[in-house]
Amino acid sequence: QVQLVESGGGLVQAGDSLRLSCAASGLTFSRQSMGWFRQAPGKEREFVARISWNGGTTYYSDSVKGRFTISRDNAKNTVYLQMNSLKPEDTAVYYCAASPLPWPLATAHFGSWGQGTQVTVSS
């Protein structure tokens, strides 16, 4: 029913940039808060960024603040994650997620998840 499809991952060198996209279907996208999470091998899933339904409010983890930018285009049902100045520690599978709550505060509030896209940053 609800489908989130991430794309844009790849293998890059430290300092490079990537732009991830997440295309959504089967939901009222403009009434979904969207988030990006990541998970490295052997690590817990980590919050990266979230954005409100109209794009007016964003929030980032300290580890990516100043380097990553989350945005959305409601006309295209797509959320983006622009990643600049990538570091090896950014290597992970990146997932997008959707929440019907206006201001989700926990991972459990995101009920729909994509399959993920791999980002690998070499040193």
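The structure, which is a predicted model, holds one disulfide.

Q: What makes Cys22 and Cys96 a disulfide?
A: The sulfur atoms of Cys22 and Cys96 are 1.9 Å apart, and the criterion asks for a pair of cysteine sulfur atoms within 2.5 Å, so the pair counts as a disulfide. Cys22 belongs to strand S3 (residues 18–25) and Cys96 to strand S9 (residues 92–99), so the link ties together parts that lie 74 residues apart in sequence. The link of Cys22 and Cys96 is right-handed, with 45° about the S-S bond.

Q: Why does Cys22 count as buried, and what is the relative accessible area of Cys96?
A: Buried means under 20% relative accessible area; Cys22 has 0% relative accessibility and therefore counts as buried, and Cys96, with a relative accessible area of 0%, is buried as well.

Q: Why does Arg67 count as buried?
A: Arg67, which is found in the loop between strand S6 (58–60) and strand S7 (68–73), has 11% relative accessibility; because the limit for buried is under 20%, Arg67 counts as buried.

Q: How do you know that the side chain of Arg67 makes a polar contact with the side chain of Asp90?
A: The distance given for Arg67 and Asp90 is 2.8 Å, to be set against a limit of 3.5 Å for a pair of N or O atoms, one able to donate a hydrogen and the other to accept it. The side chain of Arg67 also reaches the backbone oxygen of Ser63, at 2.9 Å. Leaving aside neighbours within four places in sequence, the residues in contact with Arg67 include Gln82, Met83, Leu86 and Asp90.

Q: Why is the pair of Phe37 and Phe110 called edge-to-face?
A: A search of the whole structure finds five aromatic pairs. For Phe37 and Phe110 the ring centres are 5.3 Å apart and the planes stand at 80°; since rings pair if their centres lie within 6.5 Å, and planes over 60 degrees apart count as edge-to-face, the pair is edge-to-face. This pair links distant parts of the chain, 73 residues apart, with Phe37 in strand S4 (residues 33–39) and Phe110 in the loop between S9 and strand S10 (112–113). Both Phe37 and Phe110 are buried, and together with Phe47, Tyr59 and Trp113 they form one aromatic cluster.

Note on methods
Residues numbered from 1 in each chain as written. Predicted model: local features only at pLDDT ≥ 70, side-chain atom pairs only at ≥ 80, totals over all residues. Heavy atoms only, no water. Helix = DSSP H or I, 4+ residues; strand = E, 2+ residues; numbered from the N terminus. Buried < 20%, exposed > 50% of the residue type's maximum accessible area, 1.4 Å probe, protein only. Contact = heavy atoms within 4.5 Å. Phe/Tyr/Trp six-rings, centres within 6.5 Å; stacked < 30°, edge-to-face > 60°.
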